[in-house]
Amino acid sequence: MNDVVLTGDRPTGPLHLGHYFGSLANRVTLQDKFPMYVLIADYQVITDRDLPGAIQRNITELLLDYLAVGIDPAKVTIFQHSAIPELNQLLLPFLSLVSVSELHRNPTVKDEIAHSSQRAVSGLMFTYPVHQAADILFCKGTLVPVGKDQLPHVEVTRLVARRFNERYGEVFPEPEAMMGERPLLQGLDGGKMSKSRGNAIALSATEDETAALIRKARTDSDRVITFDETHRPQVANLLTLAGLCLGRSPQDIADEIGDGGASALKKLATEAVNEFLRPIRRRRAEHTEEEVRQVLAEGNAAARERAIMTLEEVRAAMGF
Ligand code: ATP
Ligand code: MG
């Protein structure tokens, strides 16, 4: 079977190293092999906050991040939720295929509720994984390059596809998640590195901002640097970051630092990250806002055409 790749990000802020090692690197490899759709999930911004914020600015920055890491709009269809109303129509029959208790059990939704800035948890928070099923299935996506937090959502999509096919006849494939080199990169506070949690190293940050962020990271007072994820998670996290950027093992880097202490570790990690991101940051500056507007307009038109076809097929299968 020929794969179709679908993945995406919420326009809630700049992409970070977690995105890179969780998903972006895989996208850049896959774009040469399969048709690929990348979704800017703008409606999902209001799952965990009351207002969409600087949504247009964030969408532009997200597109610039894509171009900077090497996602090629000549090969990839980049589009946004709010431009494809057919996705919302797919959501309705899909919602009928999952139970309320299944929606309540989702561990990623529970984690996001814990970090939400909303006073009350909205219905969208519980149902967005089903919306995500529409995102993936509208183009009959089969391969979904994502971080670990997305695994429960891909499971929901598989469930929706399976149940739809059982009830109405074979329409959808059951997609597979594909995790990157680091499926869950920790942020500088020890929790999941997230755009919205103030703990991320943005791909687009300056070298000085990167240095300041790493300087602030908590470590411990033991001068001998060792890689011990259980007992020294903060130290291990900086070693992991440096290792990913240098293509070396964290143990090897710990041995090199020896008794240099936290300051030597932070210096090495800062240089590793800045060195790694330098070409990405340089490429980012080569693209214009006009260019990204054009990319999105073309992507939206192509994705909409695909969505209309799938919605027709769904209506026919359901006898509507
Ligand atoms: P927000 O805090 O606004 O939810 P986020 O950093 O979690 O932002 P998303 O847009 O929700 O980013 O996720 C986009 C993609 O990046 C998903 O596939 C997700 O699994 C992946 N991803 C996000 N954070 C990490 C991380 N720390 N490590 C690995 N992958 C990640
Ligand atoms: Mg998220």
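**Exercises on the ligand 1 site**

In this predicted model, the shell around ligand 1 divides into 5 nonpolar, 10 polar and 7 charged residues (Ala, Val, Leu, Ile, Met, Phe, Trp, Tyr, Cys and Pro count as nonpolar, Asp, Glu, Lys and Arg as charged, and the others, Gly among them, as polar). Local features need pLDDT of at least 70, side-chain atom pairs count only at pLDDT 80 or more, and totals for chains, interfaces and linings use all residues. Residues are numbered from 1 along each chain as its sequence is written, chains are lettered from A and ligands numbered from 1 in the order written, and side-chain values use heavy atoms, without hydrogens and water.

**Exercise 1.** State which residues come nearest to ligand 1.

*Solution.* Take the 22 residues around ligand 1 (a heavy atom within 4 Å). From these, T12, D149, K192, K195 and S196 come nearest.

**Exercise 2.** Find polar contacts of ligand 1 with D149, H19 and M193.

*Solution.* A polar contact here is a pair of N or O atoms within 3.5 Å.
- Step 1: a polar side-chain atom of D149 is 2.5 Å from a ligand 1 oxygen.
- Step 2: an N or O atom in the H19 side chain lies 2.9 Å from an oxygen of ligand 1.
- Step 3: a polar backbone atom of M193 lies 2.9 Å from a nitrogen of ligand 1.

**Exercise 3.** Determine how much of the accessible area of ligand 1 the protein covers.

*Solution.* On its own, ligand 1 has 590 Å² of accessible area (Shrake-Rupley method, 1.4 Å probe). The protein covers 96% of this area.

Technical notes: Polar contact = N/O pair within 3.5 Å; in protein donor to acceptor, adjacent residues only side chain to side chain.
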